[in-house]
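Open your viewer and get ready to select, colour and zoom. We will walk through one structure step by step.

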Amino acid sequence: MINFQDIQVKFDDFVAIQNLNLFIKEGEFFTFLGPSGCGKTTTLRTLVGFINPTKGKITVDGEDITNTPIEKRQIGMVFQSYALFPTMSVYENIAFGLKVQKYKKEDIKKRVEEVAEVVDLKEDKLMKNVSELSGGQQQRVAIARALVLAPKIIVLDEPLSNLDAKLRKQLRKELKKLQLEQGITMVYVTHDQEEALTLSDRVAVFNNGVVEQVGTPEEIYNQSKTEFVCNFIGEANSISTEIIDEISKKSGIKLDPAKKYYIRTEKLKTKVLNGDQQSVALQAKVVSKEFYGTYSLYKYEVMGSSLINIEKEDGNFQYSEGDDVTLFINPNDILQY
Ligand SMILES: Nc1ncnc2c1ncn2[C@@H]1O[C@H](COP(=O)(O)OP(=O)(O)OP(=O)(O)O)[C@@H](O)[C@H]1O
Ligand SMILES: [Mg+2]
């Protein structure tokens, strides 16, 4: 479907995107994930046509669109700040694209009502001014406006980041449903790793204008290719050389001391299953604990360095500061770079 080939974007001397090669499949929910300033929006704007790349080309279904004007690309857009027309009603906002395309009045009405229903905007809202709506409702209008011309591709740049956590989760689910039902290819930008993991078919992790890994959420989480990806996605403990030596000794598995090693917080265990022959036991002391409701976070001291794990609990702490605990690490769970 969408193919970025050797794309470079420069702003004067500054290289924002180095040499991007990325293929997005039809019907995919594809996410650009990365920290602020890594080039997510720039890549999206290049796809939509606001930015001309200094090198490379973009094709959609084999057709070169690198120099195609924005309006001819037929890509729907949703942004973080809703970018609605503030003096127009909800109806007029959603209908805008259809009016520009000179659709008949009754066809516009039918289509606007259809799309409003898809994004769950009740009919009584349609005649309101957009400034009378809540943030969540405004974002629904923005999504409806992107849907109205039935584009094959919709790009969304941090569309939920202005909303509160609960609404964000709800709209996330609705977006996913919409994408599946309408068969739209969605290109989604976020710096929120949880959002990327829960929504995406595949994720591209950006860092400094370079894509460090492309993969399914499970792949980028469990088999993070680079140290950056490992640290950006979820929580990971850096494992000290002393602990690595100990694990090598006890397990008989050779681990190169020149490398860097990590283990995800939830992979560090205080219990192992019966019959687990692989996990290595380490003596630890509880240094601190934090209560998060459904789980607790414990910080331990192990051979002079600290490790953090999370424990599911029933509302009560299992351990107290100063407790001696045995921690288990399965060498297969260690990430190395
Ligand atoms: N029009 C521009 N002129 C000059 N530099 C720009 C321009 N647009 C973006 N940049 C620079 O390019 C880099 C990438 O910016 P971009 O907006 O793509 O980041 P981002 O990944 O979307 O970040 P955020 O999560 O903060 O939105 C940044 O260093 C930014 O300062
Ligand atoms: Mg951005």
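The centres of domain 1 and domain 2, taken over C-alpha atoms, lie 39 Å apart. To see them, colour residues 2-232 as domain 1 and 236-336 as domain 2; these bounds come from an automatic or database domain assignment.

A word on what you are looking at: this is a predicted model, in which local features need pLDDT of at least 70, side-chain atom pairs count only at pLDDT 80 or more, and totals for chains, interfaces and linings use all residues. Residues are numbered from 1 along each chain as its sequence is written, and side-chain values use heavy atoms, with hydrogens and water left out.

Next, show the place where the domains meet. Seven residues of domain 1 contact seven residues of domain 2 (heavy atoms within 4.5 Å). About 650 Å² is buried between the domains, 40% of it from carbon and sulfur atoms; buried area is the accessible area (1.4 Å probe) that two parts lose on being put together, summed over both.

Now select Tyr221, Glu227 and Cys230 in domain 1: these lose the most area to domain 2, together 71% of what that side buries.

Finally, sort the residues on the domain 1 side that touches domain 2: three are nonpolar, three polar and one charged. Here Ala, Val, Leu, Ile, Met, Phe, Trp, Tyr, Cys and Pro count as nonpolar, Asp, Glu, Lys and Arg as charged, and the others, Gly among them, as polar.

How values were computed
Chains lettered and ligands numbered in written order.
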